[in-house]
Amino acid sequence: EGGGGGGAAAAAAFNFSSSDQDRLIMLRLPHQPIWWFAKFMLEPGLLEHWSHVLIADDQTDLRQLQIQRLMRLALALRLELAHPAVAHGSVCYAGRMLQQDGLQAQLTDFVELFAPVFSLPAWQRVHSLVLQPDAFFHGAGYDHILASAASIRRIAIVHTARVGFLCREKDVESLTREALLLLQTRFPFCARPQFQVLEELHEQEEEEEIRISSVSPTAIATVKQEAARHLEKRKNKTAADQGRLLRVLIDGKVLDGADAGAKEEEEKKEEEEEEEISRLLLLNTFGSAPPVELLLSGYSQDFNPTSFSSSDPYGRVAPFSSASSVPPLDRLLLDVDRSRVVYLSPDAEQEVEAEDLRNFELIIVGSLADRHRRPRASLARAQQLNISVARLPSFSSSSPVKTISHVVNLLAWAAKFRDWPRAWRQ
């Protein structure tokens, strides 16, 4: 995978030695809320089948990552936290992490967390003692207190398995401020690193490389089952609290009412669509907002936000499906009361009331909400289907065009509170 991805969550599982006990689960997550996702998706109780956990965000370039060498050294040195060195040409890294010729590894008291590999016991301590549950918290500053807060004694920068890291320079200042706030307010008594290199291990003659198996279907099936049980439990609680789940349909044919040029351009972006829907499924399963009943309509047969390639060890896996595919929207509407269906459009004149959300049998969101606005496309689609149309309220300093995940999240909170300002604050 390259760096700078579109923000989809992905997972893969490997055996990295001849022992069935040496198993790694790799999770690739959106950059900004990466540690929030890790907190809720990587519960230690769900990881009993794995010995190590690798976490990387979508700004990390993994094309040069050699997992077999990384894990072989992690096992040989009994490391609790191993981190690949950073490739030349990267930005936003501690200088001591830069790839150095002739070195196999450096034992140190500090690494920046671009693509860390934790042993399972170390991850259990980090998960319970370090990670904060705040929604969309970046986690900047965790690297300064890992050793003391989670009692991690063996940290290594592994120079045989480098990664690249890409970021915008304007992000650095805000992340630095956040890191200082975290350290001062939540971990004021934790010892800080001295940025020391404790030991250097020089290159030795290479052993025969260990062949990594492909993505393990059994491992992925286990995660899917656990995610499905987790989602069902959340759905049952929401239904008990609110009387019923909100039904939200994502319309993949929103441009059917638009001009031909717009449709041709939109057809080229199905991969981006898969990433956005993957993010939505993930948030609906593990997010803090109440879950909704998600329906997908109007996508091609090849559209699959939860697909992965079993032949490619880096193949994308999103094992957290929580949506149902339904017939084309015009056919689906034959079986529902159209007076209880609303299509959301920023171009509508009338606002939808928060207290009315639970009364709708179906709320439809056009799937182009996550990209550059197509004026009046969703309005034209609603008129084509002969159903009512409404818009979300305008909030201060907010764009009328929001991501699909943002819209669904907002609807879920508004249905719970029956109040738009409170839902917006949440």
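Predicted model: local features only at pLDDT ≥ 70, side-chain atom pairs only at ≥ 80, totals over all residues.
Let me begin with R418, which, leaving aside residues up to four places away in sequence, touches A354, E355 and R358. R418 sits in the loop between α11 (404–417) and α12 (420–425), and although R418 and E355 are 63 residues apart in sequence, their C-alpha atoms are 4.6 Å apart in space. There is also a polar pairing here, in that a polar atom of the R418 side chain lies 3.4 Å from the backbone oxygen of E355. Is R418 buried, partly exposed or exposed? Its relative accessibility is 39%, so R418 counts as partly exposed, given that buried means under 20% and exposed means over 50%.

Turning now to strand β13, residues 341–344, we find both faces covered, with V341 and Y343 buried on one side and V342 and L344 buried on the other. As for neighbours, β13 runs parallel to β14, residues 362–366, joined by four bridges, and the partner of Y343 in β14 is I364. With β15, residues 388–390, β13 pairs over three bridges, again in the parallel sense, and there L344 has A390 as its bridge partner.

Finally, the cores. The largest nonpolar core has 44 residues, and W35, I55, F118, W123 and V126 have the most contacts inside it. Helix α1, residues 34–41, gives the most to this core, contributing six residues. Apart from that core lies another, of 34 residues, which includes L280, A354, A412 and A414; A354, as mentioned, is also one of the residues that R418 touches.

Key:
Residues numbered from 1 in each chain as written. Heavy atoms only, no water. Buried < 20%, exposed > 50% of the residue type's maximum accessible area, 1.4 Å probe, protein only. Helix = DSSP H or I, 4+ residues; strand = E, 2+ residues; numbered from the N terminus. Pairing = 2+ DSSP bridges. Core = buried A, V, L, I, M, F, W, Y, C linked by side-chain atoms within 4.5 Å. Contact = heavy atoms within 4.5 Å. Polar contact = N/O pair within 3.5 Å; in protein donor to acceptor, adjacent residues only side chain to side chain.
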